[in-house]
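Subject: Structure handover

Hello,

Here is the structure I promised you. Please open it and keep it beside this email as you read.

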Amino acid sequence: MAEFDLRRLESIARLNANPTWVNRDLYRLLFKEDLYLAAYERIKSKPGNMTKGVDGTTLDGMNMPHVEAVIEAMRSESFTFAPARRTYIPKKNGKLRPLGIANPREKLVQEAIRMILEAIYDSPFGPTFSDKSYGFRQKRGTHNALREIRTRWTGVRWIIEGDIMSFFDNIEHDRLIELLRKRIKDERFLNLIRKALNAGVLDQGDFTATTSGTPQGSVVSPILANVYLHELDIKVTEIVARETKGKGAKPNPAYRSLVNKLYAGRKKGTITAEEVKAIQKAMRELSPYAQDDPDFIRVHYVRYADDWVIGIIGSRELAERTRSEIAEWLKRELRLELNIGKTHIRHAATEEAFFLGTRLSCAGRRNDSLVKHAPKPGYKAVKCRLPAGTVHLKAPINDIVAKLHQNGFCTKEGHPLSKRAWAVLDDDQIISRFNAVLDGILNYYSFTDNFARMRRVQYILQFSAAKTLSHRHRMKSIRRAFAKYGYNLTTRLRNKDGEERVVSMRLRKSFEGTPFNFKGLSNPGAGTEIRALKFGIRTKSSLLKDCAICGATDGVEMHHVRHIRKMGQEVKGFTRIMAAINRKQIPTCKKCHTDIHAGRYDGISLTEVALRMA
């Protein structure tokens with residue numbers, strides 16, 4: 001069985017742990033069959049690759065002759081990218097976001113380019129990208145970014161919400177190539193990237209050249225965007241180093257006066273219990289440290305793709321100056337416009353900023369409500385009051401309800417409705433789909449300080465599911481649905497072997513706040529050793545295997561499906577074989593592949609398939 005390895009990529013990643021290393025002769029990597037096999041293994045199971053490109057093809061039917069043709073085109077430098085097919089998805093503000101759907105087979109080349117760029121800029125042995133950058137990176141995500149804000153932004157007084165106008169559409173190609181040249185001295189490789197950028201888009205048959213921007217939806221766009229905005233990370237790091245001042249804030253005289261009064265009264269025994277309570281209540285209204293100390297300044301920064309926020313412990317004048325400096329720098333150095341109308345400066349104690357779907361603020365005084373908090377992961381949680389300047393991260397409940405209304409789960413006011421589009425499904429499919437929506441929302445906002453208010457979201461989805469089941473079975477009232485299925489909306493099914501499967505809504509009983517219940521890694525750098533090993537391991541590729549049905553060795557190509565199972569939906573036809581072996585693609589010869597699509601293998605049994613998937 002043929003194998004491939006990525007030791008050359010591992011070597012590049014090790015060299016680029018030095019952020020000044022300059023890479024040469026990268027284009028020759030694109031002559032290596034192993035790189036495309038590894039790229040295929042990375043992208044083969046993504047559902048989007050079964051979406052047709054402008055030429056009507058998908059990854060279904062991918063074979064080694066296609067890889068060989070790509071390599072030959074690379075050798076002659078004749079490879080070109082077809083235009084992306086333009087499609088639109090709705091945004092939160094009601095507008096549409098344009099996406100470019102690339103030819104799925106060209107995504108193989110894009111993924112190969114992305115792997116090379118990742119080895120250079122995001123090496124597991126020492127990344128070039130900033131620790132403050134969290135978007136489109138291995139082992140990092142939105143929860144990692146929000147965790148940093150939770151743990152490091154205590155005491156922030158001003159928050160700058162960064163908004164770059166149409167960032168992905170306005171990336172200047174020449175400037176991007178200039179930035180890539182800092183680390184890449186290989187014009188053939190850079191020209192290939194330029195070809196990908198200039199491929200253009202087809203929107204309902206109309207071709208539009210792309211003289212600027214990177215299409216959202218492209219495999220390589222995210223890492224190119226990070227390369228572009230890495231310059232912003234460097235600039236903000238300079239601002240942080242320049243503005244940071246002092247070792248700590250000065251004590252608040254009013255607070256210290258109360259502390260001294262309480263201490264003296266207790267020592268002399270002249271203070272009453274009522275006076276102690278009054279002093280302690282007054283102390284909770286104050287911060288232990290001075291809020292306007294000009295000799296203590298801190299600037300914090302977090303970026304996720306083109307969304308970024310800056311937190312400042314200092315004056316509003318510093319916040320305004322920082323915003324203006326970044327706006328001027330972006331225009332001068334990156335040819336980007338900062339949307340000043342949307343780049344708000346929020347007073348953290350009295351206003352809320354919005355970042356990664358979360359409302360962000362820093363309390364100006366202690367909160368009398370008790371919260372559970374563990375000082376370190378694994379330690380027992382204890383109840384305590386939040387100190388002054390504590391970061392508050394809250395779920396935007398009204399926005400979530402509005403989104404549920406937009407998707408047909410409730411009225412504008414939040415009253416549950418039957419999800420009519422799902423009423424045609426089987427009971428277990430309906431419940432599974434509602435579970436997926438509920439779990440997604442509750443897991444994303446698991447860390448929020450107002451998690452108790454997520455009861456409303458659960459109520460809407462629970463009763464929407466009950467109304468959908470009632471609608472499906474034409475029940476006269478929702479009470480009958482609960483009488484039949486129970487509070488958790490439970491249904492039981494039996495397969496052909498008599499085995500019972502129980503499906504019910506996964507309802508939460510407790511909505512107690514857990515402010516550090518983030519789903520990302522506790523340390524974004526964790527697992528670096530494992531990532532590094534991925535470059536060196538030898539891996540078998542499905543493209544090099546024999547036909548899984550008849551065992552033929554010639555003319556083998558890959559049969560792909562978008563999903564092998566979805567939301568409890570019954571799997572039929574040949575896809576049930578793929579579901580049984582948990583594969584979304586299998587190698588087949590040309591004849592067997594044709595027979596699969598013609599339905600001639602729909603009745604085949606698992607034992608009749610020569611499974612060579614190990």
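This is a predicted model: local features need pLDDT of at least 70, side-chain atom pairs count only at pLDDT 80 or more; totals for chains, interfaces and linings use all residues.

A residue counts as buried when its relative accessible area is under 20%, as exposed when that area is over 50%, and as partly exposed in between.

**The whole chain**

The chain has 614 residues, and 48% of them are buried. It holds 19 helices and 19 strands. Take the contacts between residues at least 6 apart in sequence: 74% of these join residues at least 24 apart.

**The cysteines**

How many disulfides does a search of the whole structure find? It finds 0. Look at Cys 589, which is in no disulfide. The nearest cysteine sulfur to it belongs to Cys 592, 3.5 Å away. A disulfide needs the two sulfur atoms within 2.5 Å. The sulfur of Cys 592 is therefore too far from that of Cys 589 for a bond.

Are these two cysteines buried or exposed? Cys 592 has a relative accessible area of 2%, so it is buried. Cys 589 is at 8% relative accessibility, so it counts as buried too.

Now find helix H2, residues 33-43. Its buried residues are Leu 35, Tyr 36, Leu 37, Ala 38, Ala 39, Tyr 40 and Ile 43. What covers them? The cover includes three helices: H1 (7-15), H3 (64-75) and H4 (107-121). It also includes strands S18 (556-560) and S19 (585-589).

Two packed helices are described by the angle between their axes and the distance between the axes. The axes of H2 and H4 come within 9 Å and cross at roughly 100°. Angles of 65 to 115 degrees count as roughly perpendicular, so H2 and H4 are roughly perpendicular to each other. On the H2 side, the residues that meet H4 include Tyr 36, Ala 39, Tyr 40 and Ile 43. On the H4 side, the residues that meet H2 include Leu 108, Ala 112, Met 115 and Ile 116.

Next, go to the loop between H4 and helix H5 (142-152), where Thr 128 sits. Thr 128 has 14% relative accessibility, so it counts as buried. Which side chain makes a polar contact with the side chain of Thr 128? It is that of Arg 183, at 2.8 Å. Leave aside the neighbours within four places in sequence. Thr 128 is then in contact with Asn 16, Pro 19, Ile 120, Tyr 121, Arg 183 and His 230.

Phe 136 is in the loop between H4 and H5 as well. Most residues other than glycine have a negative phi. Phe 136 is not a glycine, yet its phi is positive, at about 60°. At 43% relative accessibility, Phe 136 counts as partly exposed.

Glu 77 is another case to check. It is not a glycine, and it has a positive phi of about 60°. Look for Glu 77 in the loop between H3 and strand S2 (84-90). Its relative accessible area is 43%, so Glu 77 is partly exposed.

**A sheet of four strands**

Four strands form an open sheet, in the order S8-S9-S4-S10, with antiparallel pairing. Which strands lie at the edges? They are S8 (298-304) and S10 (345-347), and each pairs on one side only. The twist averages 20° from one strand to the next.

Strand S4 (residues 158-163) pairs with S10 over 3 bridges, in the antiparallel sense.

H5 lies across S8 and strand S9 (307-313), running at about 170° to S8. Helix H9 (residues 221-243) lies across S8 and S9 and runs at about 170° to S8.

**A hairpin and its neighbour**

Last, turn to strands S11 and S12. They form a hairpin with 2 residues between them. In the turn, Leu 356 has a positive phi of about 55°. S11 (residues 353-355) and S12 pair antiparallel over 3 bridges. Phe 355 has Thr 358 in S12 as its bridge partner.

S12 (residues 358-362) is mostly covered, with 4 of its 5 residues buried. It is also joined to strand S15 (residues 391-394) by 4 bridges, and the two run antiparallel. Opposite Arg 359 stands Lys 394 in S15.

Best wishes

Note on methods: Residues are numbered from 1 along each chain as its sequence is written. Side-chain values use heavy atoms; hydrogens and water are left out. Buried means under 20% relative accessible area, exposed over 50%, partly exposed in between (1.4 Å probe, protein chains only). Contact means heavy atoms within 4.5 Å. A polar contact is a pair of N or O atoms within 3.5 Å; within protein, one must be able to donate a hydrogen and the other to accept it, and residues adjacent in sequence count only if both atoms are side-chain atoms. Two strands pair if DSSP finds at least two bridges between them. Axes are lines fitted to C-alpha atoms, for helices over the stretch in contact, and angles run from 0 to 180 degrees between N-to-C directions. Angles under 35 degrees count as roughly parallel, over 145 as roughly antiparallel, 65 to 115 as roughly perpendicular and the rest as oblique.
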